[in-house]
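Here is a walk through one predicted model. Keep the 3D view open while reading.

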Amino acid sequence: MTRRLNKNDVISLNGVELEVVSLDPGRDSVILFDFKTQTMRSMSLKQLRRKLSDGEATSNAAAATRGRIKNLEVDRPSYAQFLYFDAIRKGINDLVNKGNSIRKAINKLSESLVTLATGETRSMCSERQAYRIAEMGNDELLAMLPNYAARGNRTERYHPRMKEIILQAIHDLYAVVHSRFSIPKLTETVNDIAWAEGILGRDKAVSRKYVRNFLVNNWSPDHGDYKRLHPSIAKSKKAIAKVRIKPGAPLNRVEIDTVKLPFVYLRGHKKFEHLWLMHAIDCETSMVLGWWLMSASPTTDDTYSCLGRAIFPKADLLTKMGVNFTVDPYGLPMNIVFDNGPENSKPRLAGLTILGTNLQWAEVHGGHRKPFVERLNRSLKEALETMPGCTRFQGKDGERTKNAFNDDSLMTFEEIGHWIGRWYYECWANTPLERFITAEHEVDKCLGVTPAERWAKFESENVLPLCPTQEDWRRARFMKSTGSLSARTGITFERFTFRGENLPHLIHQYGPDHKVDFFYNPHDFRTIYVPDKETREWVELVNSEVDSNTPAYSFDVAKQRKKEKRAAHNPSPFRAQFKSDVIARSTGKPSRKQTKDADRKATFDDERAKQAQARAEENPLKRNSALDPSFDTFVAADAVEPLVKHKKSGRGHQMKHATRAGELIRENVQTTIFDHLIFTDVLTQVDRCVQDTLRGFNPCFEMLIGPSRCGKSEVLETITRKYPPVSEGGRRSIPVLLVDVPSGGGAKALDKAVIRATGVPVPESMKNEDSLKQFMLKQLKLANVRVIIFDEANHLVERGARIVSAAASDWFKVLYKNAVNVGIVLAGVPRLARLIDDNPQLRNRVGKPIFFSPYRYDDAKHRKAFANCVAAYISEFEEHGCTFTMPFDNMVRHCYAASAGHIGLLAAFFASLATIAPAPCEITRELCREASLTRNLPGNGYAKPFQQDKIDDHHLMEVFSSELALYDVILDRLHPHPDRTGAHPHQEEA
């Protein structure tokens, strides 16, 4: 059943929790209780429903129960098959619930007979069929209910003359008193006549079953003509209207149908004659809830578009169209009736049951099953038949098509949509209907005689069903499938591969080559969505063949376009002849399938292309270099800027005998610090925190995290050099104390590390933890330490550490509390964030971690800064007579693949290059490749540097994403920033 607004429901509006105290539809009022202010407030009931439908407010009402699916006409064979499939499904589910695999469950069922709900026993189906039934187990049983009654041949099996022969033979030979002809003899006579007239080959014959069925279904001595009606109208003509359909309330029953409008119209400068209209009508009030106009044959996506207009408010749309209206009918229907057209695919529309809606399908040619919308079709055609371009004449469509094509005042596609909207809400909605006038004879029960009056009456006296949330609506529209999650190709579906920047996150969650469920829109081949393993939110993967300008084609159209492109290729005559010979020999004879009209197909293809472009504009993909090949990532050599150089502390004279050019280059590479972009930005942030503490503000408590070899230690050493120890009056003062956290130590090891950092030996007599801590606090006070920097603090949360992360958190909390006016800076790899996750009190004291990110290649500012670093290292070689033969842009790309944006790894690569380069010399790509082979490549070696002339952008981003995934770092997908490029999963803002 659908959801409604009820008393005691809790509404969340603008962050405020409100409880529904009372509902008064007659006065359009709802009384709400504000939990925060403990006061009552009121607002319009219509306004509240609109806010709930737009997502501005949310309700905690119970989720709608799943709807049911059924055919309106089910014959005995299909129902028997349904019971058989249902018994197999239940048997498989029972065995699976007991711990068996699906394969083992099927094997066990195959050992015995299947017992149906009626007590009948039947043999087990094939193993392949059993697997198909098992996959249907969690879905609706729709696919398990074959509708045999609605099936039939696309064309007549026999010549039309055959029916006349059988009918005449029945009338003259069989249907007479004391006839000598039995059914077998009658069949032989019919075959003889058919062979003689040449309408049936001698190798074929009409069966006795066919003649018998024809006798039963098509012949009557009293109403012969009546029994021989065309199949398209026979069921409706023969149907008996026993009772009037009374839904009882709005949205209890909604009928939807597609009608082909008899119009010739303009679209651009071309004239078209194919026009379809799909509309949904509420059977209780006869108000049109939604409609959808199409120039191509309707699809299931068009059905969802029509239902979207019916379910959600459309006042803004009607106003934009210039339609005068008094009511805006919308809401989630309880029951929807479809026909069996191709646009109403049962497996695709079954998702609507998630919203709580029951679905019903009328059989083929069963217009009497949905009389309300069928009457609407005729009324609409009659109302617009005088408009320019209409081909309707004397009640028949298409009678004046040639005249319409010569009309000089044809309407456009948009103008026809405008007139249809006006007729719905200005004419039809205000037309007195005879069934409303004669429906009620009670004096005190006047619901109105027009659709608009009825809807307004119900809306003022009843609480109408709510709309589903946008998230639920999207889940209903999408279909579900299963695929393997590959680290290289992502998910392959319908011959397309889906990857993107979210792939490393999913690989980290599920693992490589893991089977995952995903959701997709059959009419948008650009994206699929995989549920997040923890939050269950949908994570987007993008088709690797598309960019931000690609229209949202359906999967079928996209595959057809690829097929047509392949067909457009002109192979050599020999190859074409060979393929033709193979096809001719393989097929044996040409297909009998009739080809479609070329102009009609071209028209449909053009319209679907326009619809795909419109869907792409409504749901655009974001632009980034990994998806958009037009994004310019070229780095010019003359665009680089020189960087300021510094020598590392205490390392300037390590190589006293470095005389060879290669050794000098290697020494300079290893002992030089460049003031590159991220280094200076992170240094500024940390220095600001230290300065605030030294100036007397509240002591800082910061955390610096980043991958290994990105430059964290250089930042800490630079800070320490800026604030060196000083001696005042014979007393040594250490404003900033740098402590290297030992690996695998406990609380005592931390105390001893701090004591040793102050330059004081640890007394051997102090083995008690409390005494060590007091001695440590005393030495910090004597040395006048204002800020303590703990490098490699991630050792405290690594496996094998003697101190658990919770105890380590408490140790720092006690230090921060007892060491008066002493700031703390923790530095390490991203897993260090777990230290504050295990202690909420410490988490509230620590600022948001400063993330020292590697450079991103898809960020123009980052890319230029990284190129500056490459140019700085190249200049060290050029100063000693070396020249690089590779183009600068290609060199930058290969250096990025060798470092993943880490300047530490970049320096290590150039140091290896200086080791093997016989300076002065020409440095070629082969020489660089030899140097890269001596290093461990980042990103699990996803891209091999210097193996080819140029590396594409998306390969570089894969290296970057794979490297960050090693540290459980998720890329900031919306707002990349030099110092906030990524964030630890536990540190992302909500």
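Helix axes here are lines fitted to C-alpha atoms over the stretch in contact, and angles run from 0 to 180 degrees between N-to-C directions. With that in hand, turn to helix 5 (residues 160-174) and helix 7 (residues 208-218). Their axes lie 11 Å apart and meet at an angle of about 80°. Angles of 65 to 115 degrees count as roughly perpendicular. Helix 5 and helix 7 are therefore roughly perpendicular to each other. Helix 5 brings Lys-163, Ile-166, Leu-167, Ile-170 and Tyr-174 to the contact. Helix 7 answers with Tyr-210, Val-211, Phe-214, Leu-215 and Asn-218. By class, this contact has 8 nonpolar, 1 polar and 1 charged residues.

Now the sheet. Strands of a sheet pair through backbone hydrogen bonds, either parallel or antiparallel.

Strand 1 (residues 10-13) pairs with strand 5 in the antiparallel sense, over 3 bridges. Ser-12 has Thr-58 of strand 5 as its bridge partner.

Finally, find Lys-51 in helix 1 (residues 45-54). Which residues does Lys-51 contact, leaving aside its neighbours within four places in sequence? They are Leu-13, Met-43, Glu-56 and Ala-57. Leu-13 is 38 residues from Lys-51 in sequence, yet their C-alpha atoms are 8.7 Å apart.

Definitions and conventions. Residues numbered from 1 in each chain as written. Predicted model: local features only at pLDDT ≥ 70, side-chain atom pairs only at ≥ 80, totals over all residues. Heavy atoms only, no water. Helix = DSSP H or I, 4+ residues; strand = E, 2+ residues; numbered from the N terminus. Contact = heavy atoms within 4.5 Å. Pairing = 2+ DSSP bridges. Parallel < 35°, antiparallel > 145°, perpendicular 65-115°, else oblique. Nonpolar A, V, L, I, M, F, W, Y, C, P; charged D, E, K, R; others polar.
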